[in-house]
Amino acid sequence: MFQKDIFKGQKVVVTGGGSGIGYTTAKHFLQYGAEVLIASRKEEKLIKAQTELQEFGVCEYQVCDIREVESVELLAEKVKSLWGSLDILINNAGGQFPSRAEDIKIKGWNAVINNNLNGTWYVSQILAKAFFIPQKSGNIINIIANVFRGFPGMAHTGAARAGVDNLTKSLAVEWSPYQIRVNAVAPGIIKSTGLEQYPDEILKGLSDQIPLKTLGSTEDVANLTTFLASPMAKFITGETVYLDGGQRLWGDVFKV
Ligand SMILES: CCCCCCC/C=C/C(=O)SCCNC(=O)CCNC(=O)[C@H](O)C(C)(C)COP(=O)(O)OP(=O)(O)OC[C@H]1O[C@@H](n2cnc3c(N)ncnc32)[C@H](O)[C@@H]1OP(=O)(O)O
Ligand SMILES: NC(=O)C1=CN([C@@H]2O[C@H](COP(=O)(O)OP(=O)(O)OC[C@H]3O[C@@H](n4cnc5c(N)ncnc54)[C@H](OP(=O)(O)O)[C@@H]3O)[C@@H](O)[C@H]2O)C=CC1
């Protein structure tokens, strides 16, 4: 899609880069010339991904739980010692579990809000203060979810992702004096490792509810994310782009 070296010399952090959407996004940045650091909780998974991704360029990793401030501070220190600067942050780490709203326990609610809203905030603020604000340049892309009509069946993540959608707009304005662009990508249903945790009865027939009659691919998400991070999108900030085959506009994803 792009010229091969469009991100040459750029330094990129992809949270949740050891699997699924994050892995493919890391691969795309490497293929376009960037150096990439992938970060998540499970070291074994990161090492396996790093070994594979090094075929495409310089890939580093850091064990990091985005819900733990100290862990995110260590991530910032790792970036500082490796590169001394940062160009692009992809806030992709996240997840949740399906549940009717009345059945979500307090602990489960807090786990999902911490993962998808608070974690994204900690990483954004800590890395912006360490790199983007003093550099007066930066690029943040938040991977959220299709929350256009709420998220029935996963109310916790709907609330968290809507929070990040709004945070995207606030930060785009507040941090514009530092030449930091902040955008979000809202994937619909994407065929990825993440989907494996959902029972078949939830996934069965889902593509019928999507106008384009197919699920998305991790490449679809990576293509949009790399576009938004590229100079071709230099006038785009504070935007959430839906990538869902039209699902937000039509069809039933939840039976009342
Ligand atoms: C309607 C669905 C349509 C399909 C659309 C699909 C679109 C979206 C797809 C994706 O996002 S794919 C990516 C998915 N990947 C993940 O979700 C992986 C990450 N997920 C997690 O790590 C967990 O789900 C987590 C809860 C967010 C974080 O886990 P953590 O390790 O902090 O918590 P736990 O100690 O495991 O659990 C804490 C607490 O949460 C409740 N809980 C956790 N899992 C479930 C579950 N499967 N069902 C019900 N409740 C759950 C529970 O209260 C846990 O506490 P305890 O009761 O166990 O003490
Ligand atoms: N697939 C889909 O249909 C959709 C996915 N999304 C979102 O896109 C993102 C990527 O999902 P996908 O690739 O499909 O699924 P995966 O489950 O493969 O990816 C989630 C990644 O996040 C990491 N992660 C989770 N919690 C934390 C944490 N607290 N700290 C650091 N890393 C964490 C996981 O790594 P580790 O276990 O090593 O920590 C994993 O690599 C997620 O935010 C997901 O919710 C949104 C809409 C639809």
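This is a predicted model: local features need pLDDT of at least 70, side-chain atom pairs count only at pLDDT 80 or more; totals for chains, interfaces and linings use all residues.
Colleague: OK, on to ligand 2. Which residues come nearest to it?

Modeller: There are 30 residues around ligand 2. By class, that shell has 15 polar, 10 nonpolar and 5 charged residues. The ones that come nearest are G16, G20, R41, G94 and G194.

Colleague: And which element supplies the largest share of that shell?

Modeller: Two helices each give at least two residues to the shell around ligand 2: α4, spanning 106-135, and α1, spanning 20-31. The largest share is 3 residues, and it comes from α1.

Colleague: Let's stay with α1, then. How far apart are its end C-alpha atoms, and why does that agree with its length?

Modeller: α1 has 12 residues, and at 1.5 Å a residue they should span 16 Å. The computed distance agrees with that, because the end C-alpha atoms of α1 are apart by 17 Å.

Colleague: Is α1 mostly covered or exposed?

Modeller: Being buried here takes 20 or more other C-beta atoms within 10 Å of a residue's own. Among the residues of α1 that are buried are G20, Y23, K27 and F29. In total that goes for 11 of its 12 residues, so by that cut-off α1 is mostly covered.

Colleague: Last one: which residue with a positive phi follows α1?

Modeller: α1 runs over 20-31. The residue that follows has a phi near 100°, and that residue is G33.

Key. Residues are numbered from 1 along each chain as its sequence is written. Chains are lettered from A and ligands numbered from 1 in the order in which they are written. A residue is near a molecule or strand if its C-beta atom, placed from the backbone, lies within 6 Å of it. Helices (H or I, at least four residues) and strands (E, at least two) are DSSP runs, numbered from the N terminus. Ala, Val, Leu, Ile, Met, Phe, Trp, Tyr, Cys and Pro count as nonpolar, Asp, Glu, Lys and Arg as charged, and the others, Gly among them, as polar. The expected span of a helix is 1.5 Å times one less than its number of residues.
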